[in-house]
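Notebook open, structure loaded. I wanted to look at the ligand site before anything else, then at the packing.

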Amino acid sequence: MADKDDSERGERGERGKEARIVEARMKLRGRFLARMQETPSMADARPMGEGPPNRHGMPRLPPGQTETTAWPVLDLGIKPEVALGKWRLVVDGACAAPLCLGWDDLMALPQVDDVSDFHCVTTWSKFDVPWRGVRLAEVIEAAQPHDDASFLLCHAYDGYTVNLPMEEALKPDVLLAHTAYGKPLELDHGGPLRVITPQLYAWKGAKWVARIELMNHDVLGYWERRGYSNTGHPWREDRYS
Ligand SMILES: Nc1nc2c(c(=O)[nH]1)N[C@H]1C(S)=C(S)[C@@H](COP(=O)(O)O)O[C@H]1N2
Ligand SMILES: [Mo]
């Protein structure tokens, strides 16, 4: 009988956890949906840029950008190789249920495919990159953020950091991406796992992401401390501050 009690308790525990995650999702929606809709990439009536509208109704090419079909590699020059068996993603900080995910845990989360554009502040844009990964929102919700958690600081295995406001991090095309063009993401581009932020300049997406720190205040990341814009909207050309 002890077995049955344990499994019932286990099931109740799982259901309780599910319920808490759903509650966290609803709370985040309540706090950030309006702010998400007010971000420039969703609300600008006359965005700068050229070309037919993209999937968000913005001009396809942000101002001052040029299309490239190559995929340049930009980083600090350190390529941290982490074996999948030792790889971890931590989500912690201002939350009730910090996570430490192994590779299998990440793969067990809902997976999404999405095609999006990639805009680098050094003026190249790459269109229609097919990604596969887990929505960043998925792991944020699972960590059950505190009611004042409004910013993230992403930490990467190469020491890079980058900050994001919650209203950008929760957008459905912001992914923890492990696959591009149907193949495991190359080390050069941040494999095994990177963040992508298609509606912001690409420096906002940490390659080799190791930790998502939820915060109740904004802390500048590596490039933001060195003069990059703290908003990074390509259609307003927020390059430098
Ligand atoms: N960990 C880490 N992530 C990073 C960087 C970095 O140096 N380290 N550089 C950023 C910058 S400036 C850009 S433009 C993009 C480039 O991604 P790519 O090399 O896949 O083109 O990654 C961003 N993410
Ligand atoms: Mo960049």
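Started with tryptophan 71: an N or O atom in its side chain is 3.1 Å from an oxygen atom of ligand 1. I keep in mind that this is a predicted model.

Next I checked leucine 74, where a backbone N or O atom sits 2.9 Å from an oxygen atom of ligand 1. For arginine 194 I found a polar side-chain atom 2.7 Å from an oxygen atom of the ligand. Then I looked up the cover: the protein takes up 98% of the 530 Å² of accessible area that ligand 1 has on its own.

Who else is around ligand 1? I get 21 residues, and Pro72, Asp158, His189, Arg194 and Lys207 come nearest. Sorted by class, that shell holds 15 nonpolar, two polar and four charged residues.

Moved on to the packing. The largest nonpolar core has 43 residues, and the ones touching the most other members are Leu136, Ile140, Leu152, Met166, Leu176, Ile212 and Leu214. Which helix gives the most to this core? I noted helix α4, residues 136–142, with five residues. A separate core of 13 residues lies apart from it, and I spotted Trp71, Phe118, Trp124 and Leu185 among its members.

Last, I picked leucine 176 and skipped its neighbours within four places in sequence. Its contacts include Leu89, Leu136, Val139, Leu193, Val195 and Val209, and also Arg132 and Arg194.

Conventions: Residues numbered from 1 in each chain as written. Chains lettered and ligands numbered in written order. Predicted model: local features only at pLDDT ≥ 70, side-chain atom pairs only at ≥ 80, totals over all residues. Heavy atoms only, no water. Core = buried A, V, L, I, M, F, W, Y, C linked by side-chain atoms within 4.5 Å. Buried < 20%, exposed > 50% of the residue type's maximum accessible area, 1.4 Å probe, protein only. Helix = DSSP H or I, 4+ residues; strand = E, 2+ residues; numbered from the N terminus. Contact = heavy atoms within 4.5 Å. Near = heavy atom within 4 Å. Polar contact = N/O pair within 3.5 Å; in protein donor to acceptor, adjacent residues only side chain to side chain. Areas by Shrake-Rupley, 256 points an atom, 1.4 Å probe, with all protein chains shown as cover. Nonpolar A, V, L, I, M, F, W, Y, C, P; charged D, E, K, R; others polar.
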